[in-house]
Amino acid sequence: MLNKLLESFARESLVIPYESPERMRIKTSFQALQSRAKEYFSPEDFEGIESFGSWNRNTILPRSYDPDSDLDVMMVFKRGSYWNSGSEAARARV
């Protein structure tokens, strides 16, 4: 009985529901970041942005439970000018 209650609580309260305003804001922000990065970086150098972690696993905690909850993103660059200039040049550009 307790296990079922805990599982239900975790599924319904400890993750951000799919249709919640919080999830929609995160999704909108991530899409804006992707769009702006594609405009900012040249296609010869920039591959894209990928998300990973709790967002992809659908285990992201709402800010009400974890104020430091975040979306993990990775910017993927092609081997080109940033690669040849070193990681500092890429970090400076970002």
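Is phenylalanine 41 buried or exposed? Phenylalanine 41 is buried, with a relative accessible area of 5%; buried means under 20%, exposed over 50% and partly exposed in between, using a 1.4 Å probe and protein chains only.

Before going on, this is a predicted model, where local features need pLDDT of at least 70, side-chain atom pairs count only at pLDDT 80 or more, and totals for chains, interfaces and linings use all residues. Residues are numbered from 1 along each chain as its sequence is written, and side-chain values use heavy atoms, with hydrogens and water left out.

Now the rings. Rings of Phe, Tyr and Trp (its six-membered ring) pair if their centres lie within 6.5 Å; planes under 30 degrees apart are stacked, over 60 edge-to-face, and the rest tilted. The count is four aromatic pairs. One of them is edge-to-face: tyrosine 40 with phenylalanine 41, 5.0 Å centre to centre and 85° between the planes. Phenylalanine 41 also pairs with phenylalanine 46, stacked, at 5.2 Å and 25°. Phenylalanine 46 is buried too, whereas tyrosine 40 is partly exposed at 46%. Ring pairs join Tyr40, Phe41, Phe46 and Phe77 into a cluster.

Next, arginine 23. Its charged end sits over the ring of tryptophan 55, 4.8 Å from the centre; the rule asks for NZ of Lys or CZ of Arg within 6 Å of the ring centre and within 35 degrees of the ring normal.

Last, asparagine 58. This residue has a positive phi of about 55° although it is not a glycine, and is partly exposed at 21% relative accessibility.
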